Amino acid sequence: MNQPALVEVEGLNDPMLPELQSIRRIVWETDDTFTLQLENTGHNAAEFSFLPGQFNMLYVFGMGESAISISSDPSKPTALAHTIHRVGTVTNALSLMKRGDVIGLRGPFGSNWPIEKANGLDVCIVAGGIGLAPLRPVLYSLFRRRRDYGRVLLLYGARSPLDLLYRVELEQWSKQYDVEVLVTVDRSDSTWKGYIGVVPNLFSYIKLDARATMAMVCGPEVMMQYTIAEILRCGVPPEQIYLSMERNMKCAVGFCGHCQYGPKFICKDGPVFAFPQISDLFGKKEI
Amino acid sequence: MIIIQRKDLDVLIGALQKRDYAIMGPNVRDGAIVYDEIRSVADFPEGWTDEHEKSRYRLKRRPDKALFGYTVGPQSWKRFLFPPMAKILTVSKKGKAMEIEPDTSKEAPPRFAFFGVRSCELNAIMIQDKVFMNEQYSDPTYAARRNNIFIVAINCTQSGGTCFCASMNTGPIVKGGYDIVLTEVVGDGVHYFGAEAGSDKGNEVLKDVPHKNAAANEVEAVGVLVDGARTNMGREMTTEGLRELLADNLESPHWDDVARRCLMCSNCTMVCPTCFCSTVEDVTDLSGERAERWRRWDSCFTMDFGKVTGGNFRLSPKARYRQWIVHKLSSWVEQFGTFGCVGCGRCITWCPVGIDITAEVQAIRNNGVRNDT
Amino acid sequence: MLKENLNEVLRKHPFVGDLDDKYLQILVGCAKNVHYKEGDYLCHEGEAADLFFLIRSGRVALEIHAGHKGKRRIQTIGPGEVLGWSWLISPYRWHFDGYAVAEVRALALDGKCLRTKCDKDHDFGYEMLKRLADVFQSRMEATRLQLLDVYGSR
């Protein structure tokens, strides 16, 4: 069983001690989701490396930390960015920050999307809502060596057209990098000409070469359940399906116990898992 | 084995104090045996024993003057290595910037000597070592204290009503991981301790204490007592196939039965010597210039434990009880290579409604039929 | 379109699947190739459901009039899918408008005629109903998932 690799934490002395980062820019993607760009010049910026799928703990003075997936290009450490859904005290405080404000950062933590295993395969990236954020670094990595992969598909679902992330990039990706992009929304308005419906339904419009496809799935858990059921129905081997799980994260280093999913610590055994690693738990209620 | 007379035990205490250890050991307080400072042998619970049954704990007078004639109290040694509240960071605001300091850099960590560690408790410490000092990460608070520790273990010469260390293969005989191990022999005009060193540190300390080599009959006396503890266990747990049994029965209707009884009070996690869940709190002072991050004990039984953005994925009492027992006796094996349970029986004793972890496991084996009333 | 080509095209559509050839001929006899431009309507709410469509390419949005909220598009149907089952379910009227959001090529089948054939030949009727049941099920599942509003944060 191939497990996503754990990366040596580079340039970070103490995983429990936040480093200082200053805000470069905040870009609003939708009315409740924003991308936080950091200067990343504090410590040796070139040494801050991360792999797609990993996350950082972002700290706001006096308020606490929030676990946020890294959503920028791994090959550009000085363009470190996190797309954040504003839902609680910490994320709200982050959303109000200005250029030059200082936050704490611990990371990167967790397992990564196994892009190296996708060499020679078709790659099907399936994202729901904010789930596109931890998958965007995968796309950037695929684009750097586009010819190493077969078809690259992006199936993306959001609540409504107004909730779509990275709209400009979505178009660029389909034109510039030969990505088949299918976007669907749960509810529409009268201007939307794309698909209306759920992500699993998109699979009836693409004909996968199932055995030669690697799927990477991220989104709300119930969306992932239906989606993975559909991917399995298409005939993709379970060991070629990867997903990113989410639980309550407090320490990010496997001590506080909050992020456990069965025997797995999502902060260090995950958040990215090969489907067979958690298939006996997936879908079971209240695990 | 050497023999130390009861009257010379204070010399052992002195030898540890001379080496700047803060000695922690059993004290009688508030009707219980708790772990606190030991300044002299007079602090030990001389002549006390304890009665353990499910949801019942009482101290009782012994007919003799044994110093360690009890089994376990509501606390465990984890409160010293993994303190209930610990400051992790101090943060000061400086204009837009911040200064963040880890707490362990300020003072020297405490040097503890644990006096009276039972085999189950020793195993619990070694289990927590795997949690807090593992291949990937090491907790500085735990590591600093753990590396300075002196352990005086004690062999049990009786077992309690809720003990089942023999089933869990964690006792009653102390095996490894200690600096000194003692076995108390009381009766017929004698009161002495069989003692062995388990490390160079231990050996060096014992040299300071008056002793003689054990005679054959003394070795035998010690052996008989320890064996008695093994054969008199209050409970037992069948561990064969236990990990798979629980992993394969996550949807057993029996969990509904436990949920009807369990109050979600989290006593079991507080008294358990291996439970390690914690939460993190960030607090500021009134000026808003200084913040601190504190870690404190948490429990998977609390309603908030399963909270995520926009909801809670483990809210029902059934799911929370199941999480605890399946973690302790199944998931732990995959995570750390051993069971999380050491058979100390505290969770059974201190459960206000008397839920017995050994009976619940048996019920799962018996398809939901419990043997306890 | 020539009859043999209709045969092939029908056989390839997922709705037909492994339908017995003698029943496929019934469908062939009731089918014709249709084409709609972007912005055309394939059907209107309330009208008699005498046709149903097997979509070959393009995309049709189901529009429902939601009172003061105006027209709402609640789902799209794409290539390989089926538009319309009211031809077989009383009172045989469309329950929504079908709006072509992209140019549509489809096979239109004479539902009224097929309805009569189903009444006469129950084995054929069973094959049709079985296939429609599949469509109900997957639409229902999709609708439920949409209802769950999984991307909402509250």
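# Briefing: chain contacts, domains and local backbone features

The contact between chain A and chain B draws 33 residues from chain A and 37 residues from chain B. On the side of chain A that touches chain B, the residues divide into 14 nonpolar, eleven polar and eight charged. The structure is a predicted model. The points below take up the fold of chain A, the domains of chain B, backbone features in chains A, B and C, and the confidence of chain A.

**Fold of chain A**

- Six helices and 15 strands make up the secondary structure elements of chain A.
- Chain A is as compact as a globular protein of its length, because its radius of gyration of 18 Å is close to the 19 Å that the globule rule gives for 287 residues.
- Taken along the principal axes, the box filled by the C-alpha atoms of chain A is roughly 50 × 45 × 40 Å.
- Buried residues account for 54% of the 287 residues of chain A.
- Of the contacts in chain A between residues at least 6 apart in sequence, 71% join residues at least 24 apart.

**Domains of chain B**

- Chain B is divided into two parts: domain 1 covers 2-85 + 107-231, and domain 2 covers 242-277 + 300-365.
- The centres of domain 1 of chain B and domain 2 of chain B, taken over C-alpha atoms, are separated by 28 Å.
- Domain 1 of chain B brings 27 residues to the contact between these domains, and domain 2 of chain B brings 23 residues.
- On the side of domain 1 of chain B that touches domain 2 of chain B, at least two residues each come from strand S5 (56-61), helix H3 (119-132) and helix H5 (165-168) of chain B.
- H3(B) gives the most to this side of domain 1 of chain B, with eight residues.
- By residue class, the side of domain 1 of chain B that touches domain 2 of chain B holds 13 nonpolar, nine polar and five charged residues.

- In chain A, the peptide bond from Gly270(A) to Pro271(A) is cis, with omega near 10 degrees.
- Pro271(A) is placed in the loop between strand S14 (264-265) and strand S15 (272-274) of chain A.
- In chain C, Ser90(C) and Pro91(C) are joined by a cis peptide bond, for which omega is about 5 degrees.
- The loop between strand S5 (82-83) and strand S6 (97-110) of chain C contains Pro91(C).

**Positive phi values in chain B**

- Ser55(B), a residue other than glycine, has a positive phi near 55 degrees.
- The position of Ser55(B) is in the loop between strand S4 (48-53) and S5 of chain B.
- Ser55(B) counts as partly exposed because it has 15 C-beta neighbours inside 10 Å.
- Ser266(B), a residue other than glycine, has a positive phi near 70 degrees.
- With 19 C-beta neighbours inside 10 Å, Ser266(B) counts as partly exposed, since burial requires 20 or more.

**Confidence of chain A**

- The mean pLDDT of chain A is 92, and 93% of the residues of chain A reach 70 or more.
- Residues 1-12 of chain A have a pLDDT below 50, and this stretch has 22 contacts in the model beyond near neighbours in sequence.
- Where pLDDT is low, the predicted coordinates should not be read in detail.

Key
Residues numbered from 1 in each chain as written. Chains lettered and ligands numbered in written order. Predicted model: local features only at pLDDT ≥ 70, side-chain atom pairs only at ≥ 80, totals over all residues. Helix = DSSP H or I, 4+ residues; strand = E, 2+ residues; numbered from the N terminus. Rg over C-alpha atoms; globule rule 2.2 N^0.38 Å. Buried ≥ 20, exposed ≤ 12 C-beta atoms within 10 Å, placed from the backbone. Contact = placed C-beta atoms within 7 Å. Domains from an automatic or database assignment. Nonpolar A, V, L, I, M, F, W, Y, C, P; charged D, E, K, R; others polar. pLDDT = per-residue confidence, 0-100.
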